[in-house]
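Please consult the sequence and the structure shown below while reading.

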Amino acid sequence: MKFRYCPDCGTELELRQLGDEKDVPWCTVCDKPWFPVFPAAIIALVYDEDNNVLLLRQNYISTQFRNLVSGYIVPGERAEETMLREIKEETGLDVEEWKLRGTWWFARKDMMMIGFTARVRRAPLHLSTEVDGASWHSAKEALTLVHQRPESVSRILTQLFADELNISL
Ligand SMILES: [Zn+2]
């Protein structure tokens with residue numbers, strides 16, 4: 001979100017040069033900058049010891065495609081903590097090993113996505129109310145079930161995982 005008015009005092013902001021940054025929205029009354037703010041979320045490809053991928057059915061996100069685990073970072077939380085927390089909350093599973101895979105800008109929602117892969121010990125699933133179903137799939141299968149748009153972070157992470165296993169469609 002870009003600010004046009006100061007969220008504290010309501011004054012219309014003017015653009016200022018601030019160090020190396022040009023066009024920084026500035027409140028002349030409060031004498032401070034208002035940089036754009038945006039939410040940040042984690043997204044995690046969960047896989048088991050046999051490299052099966054866990055896909056979620058979440059009808060509030062899509063009835064057509066399956067999803068990876070995702071969730072917003074709450075203020076004060078580290079992205080790694082969010083990832084572990086969301087996997088536990090949404091699936092009931094414990095992570096044994098994880099890797100940060102990169103960050104992506106999700107333009108449709110003006111949001112920063114922080115992508116992980118996380119290996120879990122396979123156990124009975126305990127799904128949260130945000131999840132309508134979940135199932136294990138080979139990486140090859142998973143590639144056909146996640147969103148097909150090339151910029152989809154679900155797709156990017158699944159492709160990356162499949163590439164590492166040397167799987168092609
Ligand atoms: Zn102000």
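Which side chain meets Arg-149 in a salt bridge? The partner is Glu-151, with 3.0 Å from N to O. A salt bridge is here a side-chain nitrogen of Lys or Arg within 4 Å of a carboxyl oxygen of Asp or Glu.

The model is predicted, so local features need pLDDT of at least 70 and side-chain atom pairs count only at pLDDT 80 or more, while totals for chains, interfaces and linings use all residues. Residues are numbered from 1 along each chain as its sequence is written, and side-chain values use heavy atoms, with hydrogens and water left out.

**Salt bridges**

By the rule above, the count comes to 13 salt bridges. Three of them are listed here.

| Pair | Distance, N to O |
|---|---|
| Arg-85 and Glu-77 | 2.6 Å |
| Arg-101 and Glu-164 | 2.7 Å |
| Arg-149 and Glu-151 | 3.0 Å |

Burial is judged by relative accessible area: under 20% is buried, over 50% is exposed, and values in between are partly exposed (1.4 Å probe, protein chains only). Glu-77 is buried at 17%, whereas Arg-85 is partly exposed at 24%. These two residues also belong to a network of salt bridges that links Glu-77, Arg-85, Glu-86 and Glu-89. Arg-149 is partly exposed, with a relative accessible area of 26%.

The side chains of Arg-101 and Glu-164 meet in a salt bridge. This pair links distant parts of the chain, as Arg-101 is in strand 7 and Glu-164 in helix 3, 63 residues apart. Glu-164 counts as partly exposed, at 46% relative accessibility. Helices (H or I, at least four residues) and strands (E, at least two) are DSSP runs, numbered from the N terminus.

**Helix 1**

Helix 1 comprises residues 79-91, 13 residues in all, and reaches 18 Å from its first C-alpha to its last. This is close to the 18 Å expected at 1.5 Å a residue; the expected span is 1.5 Å times one less than the number of residues.

Which residues of helix 1 are buried? They are Ala-79, Thr-82, Met-83, Glu-86, Ile-87, Glu-90 and Thr-91. These residues lie on the same side of helix 1, because they cover an arc of only 125° around the axis. The arc is that of the directions from the helix axis to the C-beta atoms. An α-helix has 3.6 residues a turn, so residues three or four places apart point the same way.

The buried residues of helix 1 pack against strand 4 (40-47), strand 5 (53-57), strand 6 (69-72), strand 7 and strand 8 (111-120). Contact means heavy atoms within 4.5 Å. Gly-92 follows helix 1 and has a positive phi, near 80°.

Helix 3 has 12 residues, which should span 16 Å at 1.5 Å a residue; its end C-alpha atoms are 17 Å apart, which agrees. Its buried residues are Val-153, Ser-154, Arg-155, Leu-157, Thr-158, Phe-161 and Ala-162. Their cover includes strand 4, strand 5, strand 7, strand 8 and helix 2 (139-145).

Thr-158 lies in helix 3 (residues 153-164) and counts as buried at 0% relative accessibility. Leaving aside neighbours within four places in sequence, Thr-158 is in contact with Leu-45, Leu-68, Ala-139, Ala-142, Leu-143 and Val-146. Thr-158 and Thr-117 are 41 residues apart in sequence and 9.2 Å apart in space, C-alpha to C-alpha.

Leu-45, in strand 4, is likewise buried, at 0% relative accessibility. Not counting residues up to four places away in sequence, Leu-45 touches several residues, including Val-53, Phe-116, Leu-157, Thr-158 and Phe-161. Between the C-alpha atoms of Leu-45 and Val-69 there are 6.7 Å, although the two residues are 24 apart in sequence.

**Loops and surface**

Two residues other than glycine have a positive phi: Asp-31, near 60°, and Asp-110, about 50°. Asp-31 lies in the loop between strand 2 (21-27) and strand 3 (32-33), and Asp-110 in the loop between strand 7 and strand 8. Asp-110 is partly exposed, with a relative accessible area of 45%.

Leu-84, Trp-98 and Leu-100 form a nonpolar patch on the surface, with about 280 Å² of accessible area together. Patches are made of residues with over 30% relative accessible area and no salt bridge, where like charges are joined within 9 Å and nonpolar side chains (Val, Leu, Ile, Met, Phe, Trp, Tyr) within 5 Å. Accessible areas come from the Shrake-Rupley method with a 1.4 Å probe, and for residues only the protein chains shown count as cover. Trp-98 is found in strand 7 (residues 95-106) and counts as partly exposed at 37% relative accessibility.
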